[in-house]
Amino acid sequence: MRTECFPTYGLVYHVFARKLYRHLGRENLRNRREHEVEYVQRRIDMFDFILAHLDYDYLETEAEKRAYFEQTCGLPSHILPSRTYHGQTDAQPTARYFVDRFPMFVRGLLLHLWSPSPTFSRRKPI
């Protein structure tokens with residue numbers, strides 16, 4: 001564990017033990033790695049939002065987001081935001097969707113008061 005001091009946020013503890021993340025089923029999660037200050041600030045802001053809105057349904061993973069848009073909304077995958085990664089010359093390219101990895105929340109899914117609509121998170125100015 002490493003401790004960082006952020007003027008706006010106070011102390012931030014970076015827990016990066018592989019054994020802990022393996023136990024959570026997320027051994028290769030990017031949060032284990034070191035990041036720039038701006039990245040950490042965005043993630044803290046996002047976490048604050050989620051804690052303030054626990055009643056929302058969140059789409060966290062690429063698979064959850066793709067399933068929502070493809071199955072629930074009926075959208076084809078080729079129009080979803082994606083990035084293609086090219087490996088070795090003999091390997092097939094890999095398409096990854098929603099590469100910003102920010103969670104989305106779906107308004108109305110729990111309440112059924114209106115049609116569910118995904119809400120994209122956006123980067124807060126620093």
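Tutor: A nonpolar core is a set of buried Ala, Val, Leu, Ile, Met, Phe, Trp, Tyr and Cys residues joined through side-chain atoms within 4.5 Å. Buried stands for under 20% relative accessible area, exposed for over 50%, and partly exposed for the range in between, with a 1.4 Å probe and protein chains only. The model is predicted, so local features need pLDDT of at least 70 and side-chain atom pairs count only at pLDDT 80 or more, while totals for chains, interfaces and linings use all residues. Residues are numbered from 1 along each chain as its sequence is written, and side-chain values use heavy atoms, with hydrogens and water left out.

The largest nonpolar core has eight residues: Leu59, Tyr68, Phe69, Leu80, Tyr97, Phe98, Met104 and Val106. At least two residues of this core come from each of α3 (62-72) and β6 (104-107); helices (H or I, at least four residues) and strands (E, at least two) are DSSP runs, numbered from the N terminus. As a general background, nonpolar side chains tend to be buried together in soluble globular proteins.

Contact is taken as heavy atoms within 4.5 Å. Beyond its neighbours within four places in sequence, Leu59 is in contact with Glu64, Lys65, Tyr68, Pro103, Met104 and Val106.

Next comes helix α3. Its buried residues are Lys65, Tyr68 and Phe69. Viewed down the axis of α3, these buried residues fall within an arc of 85 degrees, so they line one face of the helix; the arc is that of the directions from the helix axis to the C-beta atoms. Exposed residues Ala63 and Gln71 are carried on the face of α3 turned away from its buried side. After α3 comes glycine 74, with a positive phi near 70 degrees.

Rings of Phe, Tyr and Trp (its six-membered ring) pair if their centres lie within 6.5 Å; planes under 30 degrees apart count as stacked, over 60 as edge-to-face and the rest as tilted. Seven aromatic pairs are counted by this rule. The pair of Tyr68 and Phe69 is edge-to-face, because the ring centres are 5.3 Å apart and the planes stand at 85 degrees. Tyr68 is buried at a relative accessible area of 6%, and Phe69 is likewise buried, at 6% relative accessibility. Phe69 also forms a stacked pair with Phe98, at 5.6 Å centre to centre and 20 degrees between the planes. Since Phe69 lies in helix α3 and Phe98 in the loop between β5 and β6, this pair ties together parts that are 29 residues apart in sequence. Ring pairs also link Phe49, Tyr56, Tyr58 and Phe105 into a cluster.

Phe98 lies between β5 (94-97) and β6, and has a positive phi of about 55 degrees although it is not a glycine. Phe98 is buried, with a relative accessible area of 6%. Arginine 101 is also placed in the loop between β5 and β6, and its phi is positive too, near 60 degrees, in a residue other than glycine. Arginine 101, however, is partly exposed, with a relative accessible area of 48%.
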